[in-house]
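Hello,

Below is the structure I said I would pass on. My notes on how its parts pack together follow it.

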Amino acid sequence: MSPQPYHIILNPIYSSPVTEIPNTVKLPQNWNLVWHQLETLNALRNPEIDVIINTAMTGDGKSLAAFLSTLQDEKNAIALYPTNELARDQEIQIQNYINLFQPELEPRVNRLSSAELELYAEQENLKKASAIESRSKNSDILITNPDLLHYLHRNAYLSPYDNPDKLWNRIDKNFDFFIFDEFHVFSAPQIASIINTMLLIRRTNRNKKFLFLSATPDEQLIEKLEKAQFTYQHIDPIQAKKYQFPTTKAESEKLHSQHWRQVSREISLEFIPLESAFSASETWLKENKELILDRFIIPPSPPLKGERIPPNPPWKGGERSLLKGAIILNSIAAVKRLVPIFQELFHPYGLTVGENTGLSGQQTKLASLETDLVFGTSTIDIGVDFKINFLIFESSDAGNFIQRLGRLGRHDSFQRNGETIPFDQFTAYALVPKFLVERLFETTSPPLQVNQRYDRPQFNEAIRENYRQINNFQGYYKRWGAVQSVKLYYDLKHPNIVRNYPDSCQKLQQDCEQVFDISLKKVNGRMYAWKKQWEEQSGKKNNPIAEEAIKFRGSSPLQCGLYDLTETLETERFKTYDLPGILSNLDVEMWTEAGFARSLQETSQRLQQPIPKGRFKHCIAFLKLRGYREERLNWRFTYGGNLKTKADAWQVQVLTRISVWQPDNPWIVQLNRRLRQQPLVCYILPRPVTEVRQRLQLPMHFQLYPISDETSLHDSTSPYAIALGQSALLVDTLAFRLQTQGGESWIA
């Protein structure tokens, strides 16, 4: 029996144009700006404003707003993107802006990631520090990631003989403002890092501006900006009533005639309620694959569960439909399993299916742009270069849901074999947990009614209020954010540079203590205690806990080097992947580090193409990927001792003697020999994983795993949970909620 359909219609979105362009703004012929773009340019020109936050809707031209100042005023900018794929996409987009606006002095645009830095340094025969200096000095727009900016300001890439400010001082002086895009993807540790970096820049290189772009305002960021006494402007077109949501064709035509910009077309949205299980979406897609195919060919066919066929479907009998579609899921392994199934199904009809995931090679991603249906795990390209009118998507939380849906309805047509084919209808299917559908449609006063129309702000608010509430880790800032501050403070007191910043140390200290609400002296004392404890435990003089807290995204202590035999392009076969995902989803065989390195070197020399190898430096194992398992395999961590005293400590610890238990795995013994020696920053919780996730409201992909000790190895459910790396620090700010006896909550 088909479930009750949960269908709504989302009205189109139009963005308000600028009615009068100032003489100081030069635009291409027949071009206009929308309200938030000019407001952003004005704010960047305003010397009284330090920080600009633009929360225009997805697809409304925030990227152009960010770079207008470089195109109009010849200002230099560092543009920071959370993924290399997004940085690569934006580099192309920026070049398009330059070609369109034709500035008198064409800005020099360069992109720099860790891999590109490594290759650039090798090709130019430079050290990494010199390579960064050279690349930045010859850039008016430098495209990179916030990780690189973070590590530059923590003195990475320098020798012991270099002054700590050798790189960051010059870079901060060379660039006028810093752009943080897709800011909503960052959690508390990254926000704390960015705040710390902003405070350092303010106290050492003044009059810099910071621009944050996100469809969702971050309350924690705004709170910290206020505490730090940054002057900020929040540009919010919704609050300013600069959007219109017409319900009739006549209203839309009127807005067109008044030059309002159409951000999104009308969307037919169907909610598909599923059980909360790892494979629920994948199973549904397998069960409905023929019905999905039918949407791309001819009627009459049964609709997807809960769908009503429109009275005038956008296809002709016996011909290909006018569809260009995307299926966005949370799991790379699920995509890898589904793509060949759909390729085999679609091929006899002359239809193509592609793939765009974090493990896809660049050639595979480019080829996917030409397909009829693409599977992916991110929205890079989808709704931009890959124009769609059909979307099936999974999501992990409210922000993720809104962002993925925002990729649909952005274009009127697409190209097929040189022909422009119009889009007549936009359809989306949201694969969501049952509880969300119940909250949206079946409560006493439900926020949504079946078959009704909704404006996007109203709909987005319903999603935010009723979707999975994820913990925002508010306690992280006081507990761990100031660890980074201590590092910056003592770097600034280095004898080789302290004279250059005579009053900056004290002001930075005051800023950090104000923002994070704690004495840096107290934090430094705790850092010393961690170091002393680890030295007594291991005989080593480093400080793993402090080192983890100082990092931007944390370390990947379980990262493995992967040689992907399923990848057609040889140079893209060398990848990294975290061990938990390998244990669950991948069919692999063990390889040696030496064998992996020889293969990389041989491939690079034979094809005369450099392959970056720095990312493999700290891998715990090296494996050959043969394929993706049909079903997830069970596994757990184990500890060679009794975990009760560790769990009763209720604190972040550094442990060794941790291994993996997975019966019938032929290579696990080899892995465990090395894994047991690996020091792991972790937090042990005396509760099963499911209970911890639910009670602490943890995100879907949070690094929390089951672990047993020698007394519970054969229990059906592991009585303990372990959080690793940065996740351990985050759990530390919440664990007091689970305590029933003993242990001290530092933030209570």
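Please keep in mind that this is a predicted model.

Helix H15 (residues 398-405) packs against helix H17 (residues 456-466) at an angle of about 150 degrees, and their axes are 8 Å apart. An angle over 145 degrees counts as roughly antiparallel, and H15 and H17 are therefore roughly antiparallel to each other. Their crossing is right-handed. On the H15 side the contact is made by Ala-398, Phe-401, Ile-402 and Leu-405, and on the H17 side by Phe-459, Asn-460, Ile-463 and Arg-464. By type, these residues divide into six nonpolar, one polar and one charged.

Helix H11 (residues 280-287) packs with H13 at an angle of about 5 degrees, with the axes 11 Å apart. Angles under 35 degrees count as roughly parallel, and H11 and H13 are therefore roughly parallel to each other. H11 contributes Glu-282, Leu-285 and Lys-286 to the contact, while H13 contributes Ala-334, Arg-337, Leu-338, Ile-341 and Phe-342. These residues divide into five nonpolar, no polar and three charged.

How do helix H18 (residues 476-492) and helix H20 (residues 520-538) pack? The angle between them is about 95 degrees and their axes are 9 Å apart. That makes H18 roughly perpendicular to H20. Residues of H18 in the contact include Trp-480, Tyr-489 and Tyr-490, and those of H20 include Met-527 and Trp-530. The contact as a whole divides into ten nonpolar, two polar and two charged residues.

There is also an open sheet of four strands, in the order E22-E21-E24-E23, again with mixed pairing. Its edge strands are strand E22 (574-578) and strand E23 (586-591), and each pairs on one side only. Neighbouring strands here are turned by 40 degrees against each other on average, direction ignored. Strand E21 (residues 559-564) pairs with E22 in the antiparallel sense over five bridges. Cys-560 stands opposite Tyr-577 in E22.

Last, the aromatic rings. The structure holds 35 aromatic pairs. In one of them, Phe-180 and Phe-212, the ring centres are 4.9 Å apart and the planes are at 10 degrees, so the pair is stacked. This pair links distant parts of the chain: Phe-180 is in strand E7 (residues 177-180) and Phe-212 in strand E8 (residues 209-213), 32 residues apart.

Regards

Definitions and conventions
Residues are numbered from 1 along each chain as its sequence is written. This is a predicted model: local features need pLDDT of at least 70, side-chain atom pairs count only at pLDDT 80 or more; totals for chains, interfaces and linings use all residues. Side-chain values use heavy atoms; hydrogens and water are left out. Axes are lines fitted to C-alpha atoms, for helices over the stretch in contact, and angles run from 0 to 180 degrees between N-to-C directions. Helices (H or I, at least four residues) and strands (E, at least two) are DSSP runs, numbered from the N terminus. Angles under 35 degrees count as roughly parallel, over 145 as roughly antiparallel, 65 to 115 as roughly perpendicular and the rest as oblique. A crossing is left-handed if the near helix is turned anticlockwise from the far one by less than a right angle, and right-handed if clockwise. Contact means heavy atoms within 4.5 Å. Ala, Val, Leu, Ile, Met, Phe, Trp, Tyr, Cys and Pro count as nonpolar, Asp, Glu, Lys and Arg as charged, and the others, Gly among them, as polar. Two strands pair if DSSP finds at least two bridges between them. Rings of Phe, Tyr and Trp (its six-membered ring) pair if their centres lie within 6.5 Å; planes under 30 degrees apart count as stacked, over 60 as edge-to-face and the rest as tilted.
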